Amino acid sequence: MMQVPKLGALAVVLRDGCALLVQRKNPPDAGTWGFAGGHVEFGESFAEAAIRELFEETGVIAKPVQLLETAEFIHRDAGGIVTHHFVLGAVLCDYVSGDPVADDDALDAAWVPLDDIYAKRLPMSVKVDDVARMAAAFLAR
């Protein structure tokens with residue numbers, strides 16, 4: 001069987017000095033907080049996948065604005081064997097409506113103050129703080 005990286009999208013939603021984060025239910029980042037997101041389906045753009053995954057995981061509706069960044073993540077087990085390989089597109093989204101409620105593969109969903117994200121006061125997935133800073137800087141222009 002041929003192994004290939006999985007393509008994923010993240011929905012980066014900022015509102016009132018907070019970012020909408022979910023606590024992941026599944027490996028490789030189970031228990032950590034990060035932006036809602038998941039696999040990009042065949043024929044789907046990063047933007048389309050981000051807003052779909054956001055709604056599935058939180059019930060929040062948003063509109064895509066801008067692809068902020070793409071990043072590659074390779075997770076290895078203790079023996080160095082690759083267990084997960086993702087290429088992710090972080091999409092800045094404008095909040096439209098809805099109160100976050102964890103669903104699908106999220107344990108929890110909440111508006112988290114940006115200062116808490118920057119200070120890493122929660123166990124977070126890699127680069128959540130960097131992407132939040134990038135989104136805040138983009139919106140401040």
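## An aromatic pair

Tryptophan 111 has a relative accessible area of 23% and is partly exposed. The structure discussed here is a predicted model. Tyrosine 95 also counts as partly exposed, at 24% relative accessibility. Both values fall between the limits used here, since buried means under 20% and exposed means over 50%.

How many aromatic pairs does the count give? The count comes to 1 aromatic pair. The pair is formed by tyrosine 95 and tryptophan 111, whose ring centres are 5.7 Å apart. The planes of the two rings stand at 75°, so the pair is edge-to-face; the cut-off for that label is an angle over 60 degrees. The pair links distant parts of the chain, with tyrosine 95 in strand β6 and tryptophan 111 in strand β7 (residues 106–113). The two residues are 16 residues apart.

## The nonpolar cores

The largest nonpolar core has 22 residues. Val12, Ala19, Leu21, Phe35 and Ile117 are the residues with the most contacts inside this core. Two or more residues of the core are given by each of these elements: the strands β1 (6–15), β2 (18–24), β5 (61–76) and β6 (82–97), and the helices α2 (114–118) and α3 (128–140). Another core, of 16 residues, lies apart from the largest one. Val13, Val91, Ala106 and Ala109 are among the residues of this other core.

Alanine 19 lies in strand β2. Is alanine 19 buried or exposed? Its relative accessibility is 0%, so alanine 19 counts as buried. Leaving aside neighbours within four places in sequence, alanine 19 is in contact with Val13, Leu14, Phe35, Ala110, Trp111, Val112, Leu114 and Ile117. One of these contacts, Leu114, is 95 residues from alanine 19 along the chain, yet their C-alpha atoms are separated by 6.3 Å.

Leucine 21 also has contacts beyond its neighbours within four places in sequence. They are Trp33, Gly34, Phe35, Asp108, Ala109, Ala110, Val112, Ile117 and Val128. Phe35 and Ile117 are in contact with leucine 21, and the contacts of alanine 19 include Phe35 and Ile117 as well.

## The largest pocket

The largest pocket has a volume of about 630 Å³. Its lining is made of 34 residues. Which residues of the lining lie nearest the centre of the pocket? They are Leu10, Arg24, Asp29, Phe86 and Leu88.

Several elements each supply at least two residues of this lining, namely β1, β4 (36–39), α1 (46–58), β5, β6 and α3. By class, the lining of the largest pocket divides into 13 nonpolar, 11 polar and 10 charged residues.

## The second largest pocket

The second largest pocket has a volume of about 210 Å³. It is lined by Gln3, Val4, Pro5, Lys6, Val82, Thr83, His84, His85 and Phe86. The largest share of this lining, 5 residues, comes from β6.

The lining of the second largest pocket has 4 nonpolar, 4 polar and 1 charged residues. Phe86 is one of the residues that line this pocket, and Phe86 is also among the residues nearest the centre of the largest pocket.

## Positive phi angles

Most residues other than glycine have a negative phi. Aspartate 16 is not a glycine, but has a positive phi of about 50°. Aspartate 16 is found in the loop between β1 and β2. With 71% relative accessibility, aspartate 16 counts as exposed.

Lysine 120 is not a glycine either, and has a positive phi of about 55°. Where does lysine 120 lie? Lysine 120 lies in the loop between α2 and α3.

## Aspartate 104

Aspartate 104 is found in the loop between β6 and β7. Its relative accessible area is 41%, so aspartate 104 is partly exposed. Leaving aside neighbours within four places in sequence, aspartate 104 is in contact with Lys25, Glu53, Glu56 and Glu57. Aspartate 104 and valine 40 are 64 residues apart in sequence, and 16 Å separate their C-alpha atoms in space.

Key: Residues numbered from 1 in each chain as written. Predicted model: local features only at pLDDT ≥ 70, side-chain atom pairs only at ≥ 80, totals over all residues. Heavy atoms only, no water. Core = buried A, V, L, I, M, F, W, Y, C linked by side-chain atoms within 4.5 Å. Buried < 20%, exposed > 50% of the residue type's maximum accessible area, 1.4 Å probe, protein only. Helix = DSSP H or I, 4+ residues; strand = E, 2+ residues; numbered from the N terminus. Contact = heavy atoms within 4.5 Å. 1 Å grid on protein atoms, 1.4 Å probe; cavity = no way out; pocket = protein on both sides within 12 Å on 5 of 7 lines; lining within 4 Å. Points joined across faces, edges and corners; volume = space filled by probe spheres on them. Nonpolar A, V, L, I, M, F, W, Y, C, P; charged D, E, K, R; others polar. Phe/Tyr/Trp six-rings, centres within 6.5 Å; stacked < 30°, edge-to-face > 60°.
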